[in-house]
Amino acid sequence: MTPTLEITNLKLHFPGHGAPIRAVDDVSFSIAPGETLGLVGESGCGKTTVANATVGLLAPTAGSVRVLGTELAGADATTLRAIRARAQMVFQDPVTSLNPRMTIGTAIGEPLLVRKVARGAELRDRVAALLEEVGLRPDHANRYPHQFSGGQRQRIVIARALALRPALLVCDEPVSALDVSVRAQILNLLVELQARHAMSTLFVSHDLAVVRHVCDRVAVMYLGRLAEVAPRDALYAEPRHPYTRALLAAVPEPDPAVQRAKPRVPLSGEIPSPANPPSGCRFHTRCPLATDICRNAVPELRQVGESQVACHLA
Amino acid sequence: MSNAQPALVVENLSLAIGPAVVVDNIGFEVAPGEVLALVGESGCGKSLTAQAIMRLLPPAIRQQAGRIRLGAEDITALPERRMQAIRGRRLSMIFQEPQAALDPLTSIGSQIAEALRQPLAEARPAVRRMLEEVGISDPDRRIAQRPFELSGGMCQRVMIACALISRPAVLIADEPTTALDVTIQAQILDLLRRLAIERQTAVVLITHDMGVVADIADRVCVMYAGRIAESGPAADIFAAPLHPYTALLLASIPRLSDVPKSALAVIEGRVPQPSEYGPGCRFANRCPRVMPRCTAETPKLEARAAGHQVACFAA
């Protein structure tokens, strides 16, 4: 079966002062139909850059991005336009994702209208159905974004992304701007929608507990490269990359008994700059296990058990 | 810890914007070396409370009632000039965005020395020691650098150094790790806890993150819509939350131990706006255990177990 998304040796470099910023370097992964892949990492690791490239918002410096078998790298405007109907995006901040002067009915209906999928009464019915699907009422269609709370606005953004029944939903930190009590509502909604539509999802987040909750498989990025890609249960039960272990140890669990008994794996140091990444394994400057080979040779992603790990020592 | 004289006492504090009481009759105390968390969602009044303690409230906010004591001294009505002598010396604050809180044009060494009211030339040894204490390597080089040359995590260490160099009795930390990555957050939380104990600083930690609370708080005040819903030792609040809001909030957080894709507990509706506050419990319209009484009267914060208080008729 064709993967919904297949990324091969993706590179995204940007001009910087002097050396180019290597935001994404040699990243490869795929997402099967109906599968949700979590892409996790800290700020500057390149996860959002990858997300933007999967919907054609950024052109790859090198490598390939295929959505449902169609190549996006170097694609012409017509191909990009066609593929964007199949790959839709939900951004972090629902406030800036919606036009304040457009009713939410118009916003949700716009993709259908632009693509000539529906108009008139049929469009209104489709919008009403989409609103109900995300837990809002059809009569909300005539209201403006400011009349909704943050959580409701994220529901509106999700409804708009679902309008064209995309094969791939790309969610970039969809709950990070929301309050805790609202976050749960949106996570429940996303899990429900995945089950109902068998949609593939690329779920970008810095929050490992959230990713564990909604994803089937998880890819961990560090400074532009993949550190580890593994099925969810394997990754959380047996993290193989030292960075994955450190990241998991750093998640503060909302339970003092668990949290305070946790062994600390303090990562010393700061995240280096992607303009001047460390030689060899990019994690070696902070890795408690680093040896000479780590400083000199770039570790390739290789299969270890159920996981793919880019670590000489795994 | 409860035997020592509290480093900070807040009593019956009420703050209003126009007619709306946005912080309603809250009180707590913090002992030396203790970390008290004020936890709640946006708009619950936790940051306003911090600003009221610092006496740095925005002009539109009026303190209607309440007393604030720093050690034995009542600072509620001190003139601004006296407050200026207290801020940064006996009562310090750190903020969410370290880069925004530091002066971009001044070296970090001078900024830390300024907290001692000394020129850097004089204070250099003390500044150097403080930088080491907050875990900044190569302090001799860093002293001359400006904030843009440092990462967010390092800037937060610098802000902590500014706040603690004068050995204040009380540190107010307003979302000190919210802008930081998790691995850096873990470092900063470890640092705050170590310094609080070593220096016997009382810390008021303001956060929305129950994970952060679980990590370093000794005691917790859970705030909702300007009131304290529940307060008590961190271990008790997490193990046996009494207020329905606390219980739901805890159940709504995805954990590394729960069943993936299982439904998370949801708090229906949204936090009321100050203009919508009625005479009863402010959580009543979202509460699964609401009774007629809840919308008519305000529940008082009452002790249910040692040090564990709750404001709920159903609890």
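1. Helices (H or I, at least four residues) and strands (E, at least two) are DSSP runs, numbered from the N terminus. This is a predicted model, in which local features need pLDDT of at least 70 and side-chain atom pairs count only at pLDDT 80 or more, while totals for chains, interfaces and linings use all residues. Residues are numbered from 1 along each chain as its sequence is written, chains are lettered from A and ligands numbered from 1 in the order in which they are written, and side-chain values use heavy atoms, with hydrogens and water left out.

2. Leu313(A) sits in the segment after β12 (307-309) of chain A. Its relative accessible area is 41%, so Leu313(A) is partly exposed; here buried means under 20%, exposed over 50% and partly exposed in between (1.4 Å probe, protein chains only). Together with Leu289(A) and Ile293(A), Leu313(A) makes a nonpolar surface patch of about 250 Å². Patches are made of residues with over 30% relative accessible area and no salt bridge, with like charges joined within 9 Å and nonpolar side chains (Val, Leu, Ile, Met, Phe, Trp, Tyr) within 5 Å. The areas come from the Shrake-Rupley method with a 1.4 Å probe, and for residues only the protein chains shown count as cover.

3. Gly305(A) is in the loop between β11 (302-304) and β12 of chain A. Gly305(A) counts as exposed because its relative accessibility is 57%.

4. On the interface, 41 residues of chain A are in contact (heavy atoms within 4.5 Å) with 48 residues of chain B. The two chains bury about 3,700 Å² between them, 54% of it on carbon and sulfur atoms. Buried area is the accessible area (1.4 Å probe) that two parts lose on being put together, summed over both. In chain B, the residues that lose the most area to chain A are Thr183(B), Leu256(B) and Lys261(B), together 21% of what that side buries.

5. Two salt bridges are counted between chain B and chain A, each a side-chain nitrogen of Lys or Arg within 4 Å of a carboxyl oxygen of Asp or Glu. Asp258(B) forms a salt bridge with Arg212(A), with the closest N and O atoms 3.1 Å apart.

6. Helix α11(B) is largely enclosed by the rest of the structure, because six of its eight residues are buried. Those buried include Pro244(B), Tyr245(B) and Leu248(B). Their cover includes α7 (180-197) of chain A, along with α9, β9 (219-224), β10 (227-233) and α10 of chain B.

7. Ser92(B) lies in strand β6 (residues 91-94) of chain B. With a relative accessible area of 2%, Ser92(B) is buried. A polar atom of its side chain lies 2.7 Å from the backbone oxygen of Ala163(B).

Methods:
A polar contact is a pair of N or O atoms within 3.5 Å; within protein, one must be able to donate a hydrogen and the other to accept it, and residues adjacent in sequence count only if both atoms are side-chain atoms.
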